[in-house]
Amino acid sequence: MNTEIIRNRKSVRTYKEQAIPEKTLNQVRDYLKHDTGLFDVPITFSILNARENGVSSPVILGADTYVAGKYQKQKNAELSFGYAFEKFILYAASLGLGTVWLAATIDRKAFEKAIQLKEDEVMPAVTPLGYAAEKRSIRESMMRRGMKSDSRVPFGELFFRDNFQNPLNESDAGIWQLPLEMVRLAPSATNKQPWRAVAEKNRVHFYEKKTPGYDREATVDIQKVDLGIALCHFEIAAEESGLKGKFIQSDPGIMAAEDTEYIATYILEG
């Protein structure tokens with residue numbers, strides 16, 4: 001995966017009625033066996049056939065294949081899911097396959113039955129898998145406009161230097177410029193962009209900026225899933241930039257707004 005894939009990938013809700021070749025599906029199956037999450041929280045993936053498994057989404061046209069992911073309830077599970085699922089989404093894009101994160105707009109009971117979800121497990125999201133149609137449906141175009149899917153919050157409103165009082169300009173971000181820009185471009189539930197980050201010389205601290213009144217399911221904080229997506233993008237760009245580091249959890253005690261929660265830190269090694 002690389003940042004070019006991140007920049008070019010778009011959500012797809014309208015698909016060609018074209019089967020995915022078995023060779024490509026085998027590549028997907030093999031990848032999903034080795035797709036790992038964060039902080040030792042394993043994610044389990046299932047490939048589903050819409051007709052055979054009785055799964056569907058009212059906002060998807062033309063796709064017969066879906067991928068669903070689940071985890072056992074535990075600390076950091078949402079982060080790990082977002083990280084691992086986005087890695088797969090980007091891998092699928094590298095194979096020329098279209099995807100879109102779906103959470104609210106699915107027949108959830110059908111999906112949970114199809115993947116044999118247990119009581120102590122959670123399935124935050126699924127994606128269709130297929131080849132993008134030449135033209136978006138009118139409904140898809142309206143959805144993208146309604147959610148402002150292509151708009152992003154400015155760099156200096158998302159990222160800071162040393163503390164939350166000092167906005168970080170893109171031109172002053174140094175080694176962190178590309179990784180943070182890839183975070184800025186990350187997809188999020190209803191495009192709320194809940195990530196914030198404080199950059200220091202050799203580390204970057206990530207926070208969840210909770211959306212007031214945001215509708216959270218009782219079993220999952222979907223905005224923590226979004227933070228997992230952001231961490232995935234950051235790591236890919238850091239590696240592309242030649243940086244070697246890892247994610248840890250060690251709250252630096254930086255004073256943040258009341259609705260902002262510390263998530264994780266990327267620290268350079270060596």
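This is a short tour of the structure, with one thing to select at each stop.

**Before you start**

What you see is a predicted model, in which local features need pLDDT of at least 70 and side-chain atom pairs count only at pLDDT 80 or more, while totals for chains, interfaces and linings use all residues. Residues are numbered from 1 along each chain as its sequence is written, and side-chain values use heavy atoms, with hydrogens and water left out.

**Stop 1: the whole protein**

Show everything as a cartoon. Turn the model around: its C-alpha trace spans about 55 × 40 × 40 Å along the principal axes.

How much of the protein is buried? Buried residues make up 52% of the 270, where buried means under 20% relative accessible area, exposed over 50%, and partly exposed in between (1.4 Å probe, protein chains only).

**Stop 2: the cores**

Select Leu180, Phe206 and Phe234. Of the 64 residues in the largest nonpolar core, these three touch the most other members. A nonpolar core is a set of buried Ala, Val, Leu, Ile, Met, Phe, Trp, Tyr and Cys residues joined through side-chain atoms within 4.5 Å. Now zoom in on leucine 180. Leaving aside neighbours within four places in sequence, leucine 180 is in contact (heavy atoms within 4.5 Å) with Phe155, Phe159, Leu168, Ala197, Val204 and Phe234. A second, separate core has 18 residues, including Val12, Val59, Leu102 and Ala110.

**Stop 3: helix α9**

Select residues 222-240. The expected span of a helix is 1.5 Å times one less than its number of residues, so the 19 residues of α9 should span 27 Å; the end C-alpha atoms are 28 Å apart, which agrees. Is this helix mostly covered or uncovered? It is mostly covered, with 17 of its 19 residues buried.

Look at both ends. Aspartate 221 caps the N-terminal end, with a side-chain oxygen 3.0 Å from the backbone nitrogen of glutamine 223. After the helix comes glycine 242, whose phi is positive, near 85°.

Within α9, pick lysine 224. Lysine 224 counts as buried because its relative accessibility is 15%. Not counting residues up to four places away in sequence, lysine 224 touches Glu78, Leu79, Glu208, Lys210, Glu261 and Ile263.

**Stop 4: threonine 211**

Go to the loop between β7 (203-209) and α9, where threonine 211 is found. At 18% relative accessibility, threonine 211 counts as buried. Which side chain does its own side chain meet in a polar contact? The partner is the side chain of glutamine 223, at 2.7 Å. A polar contact is a pair of N or O atoms within 3.5 Å; within protein, one must be able to donate a hydrogen and the other to accept it, and residues adjacent in sequence count only if both atoms are side-chain atoms.

**Stop 5: two loop residues**

Most residues other than glycine have a negative phi. Select phenylalanine 39, in the loop between α2 (22-34) and β1 (44-49): its phi is positive, near 50°. Phenylalanine 39 is partly exposed at 25% relative accessibility.

Finish at threonine 190, in the loop between α8 (177-184) and β6 (195-199). Its phi is positive too, near 45°, and threonine 190 is partly exposed, with a relative accessible area of 42%.

Note on methods. Helices (H or I, at least four residues) and strands (E, at least two) are DSSP runs, numbered from the N terminus.
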